[in-house]
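The sequence and structure are shown first.

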Amino acid sequence: MITLTIWSDFACPYCYIGETRLEKAIEELGMKNDVRIDYRAFELDPTAPKEVVSSTPERFAMKYRLSLEGAKQQIEQISDLGKELGIDFRYATTQYSNTRDAHRLMKLAEEKYDRETVARINEALFKAYFVENLVLADHKVLLDKAMGVGMKEDEVKDVLNSDKYDDEVRFDEREAAMRGIHGVPYIVFNGGFAVPGAMSVDSFKSALRRELNKQQSDTTTERPHACGPDGCQLL
């Protein structure tokens, strides 16, 4: 069994792209029963407001010192990477807000539910942000997504209306800092070698094969895409 530990954030486009590529690699290798994924929280912006205060192109242009048109072009190029995977990726119209409660919801799923449910809520939250363009700080959105994958309403409300699992989220982020993780996605194979960034499907296949063969070595020479507190690598 290969255990993959993944640090990511639901507002990170390369995290959604990278995890989708990873799932595709696992499926194409027929390794679904050979891989376990453990999710770790990483907030790109812990200070992000719970209300949407700007558009994604405006925020993108300011962060990277681009014109609004230049920002839109970069955003569309990133969206195209998602569309290549069959995702109706709508990065330009995402509703940027705080993701802490979404991560706390994931912690509830990991403690109380099976791995399939955990994977489904993880996918549902990425889809809510990048495809449906919903506000992930909105408790109604989180409750709807949680119930949609079979989580219990009373348990979800209990978490959202409290600070439960806040310490667990902070622990993940402290561990990331101790490991020197500055960008996500960041994937650790069996507690050993790490893959920083959204590699290609073929590169993920190579990494999985090598781990399966107990060969922990560098898996690729490509420069994988990743996002950090200061922003995402531009194409």
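## Disulfide and cysteines

Cys 227 and Cys 232 are joined by a disulfide, with an S to S distance of 2.1 Å; the term denotes a pair of cysteine sulfur atoms within 2.5 Å. A search of the whole structure finds one such link. The bond of Cys 227 and Cys 232 is right-handed, with 100 degrees about the S-S bond.

The model is predicted: local features need pLDDT of at least 70, side-chain atom pairs count only at pLDDT 80 or more, and totals for chains, interfaces and linings use all residues. Residues are numbered from 1 along each chain as its sequence is written, and side-chain values use heavy atoms, with hydrogens and water left out.

Cys 227 is buried, at 1% relative accessible area. Here buried means under 20% relative accessible area, exposed over 50%, and partly exposed in between (1.4 Å probe, protein chains only). Cys 232 has 10% relative accessibility and therefore counts as buried. Cys 12 is buried with a relative accessible area of 0%, and Cys 15 is buried with a value of 0%.

## The sheet

Four strands form an open sheet of mixed pairing, in the order S2-S1-S3-S4. Its edge strands are S2 (35–41) and S4 (194–196), each of which pairs on one side only. From one strand to the next, the twist averages 20 degrees. Helices (H or I, at least four residues) and strands (E, at least two) are DSSP runs, numbered from the N terminus; two strands pair if DSSP finds at least two bridges between them.

Strand S1 (residues 2–8) and strand S3 (residues 186–189) run antiparallel and are joined by four bridges. Leu 4 has Phe 189 in S3 as its bridge partner.

## Helices across the sheet

Helix H4 lies across S1 and S2, at about 145 degrees to S2. Helix H5 (residues 115–130) also lies across S1 and S2, running at about 50 degrees to S2. Axes are lines fitted to C-alpha atoms, for helices over the stretch in contact, and angles run from 0 to 180 degrees between N-to-C directions.

## Asp 101

Asp 101 belongs to helix H4 (residues 100–112) and is buried, with a relative accessible area of 7%. Its side chain makes a polar contact with that of Arg 104 at 2.9 Å. Such a contact is a pair of N or O atoms within 3.5 Å; within protein, one must be able to donate a hydrogen and the other to accept it, and residues adjacent in sequence count only if both atoms are side-chain atoms.

Leaving aside neighbours within four places in sequence, Asp 101 is in contact (heavy atoms within 4.5 Å) with Lys 50, Ala 137, His 139, Leu 142 and Leu 160.
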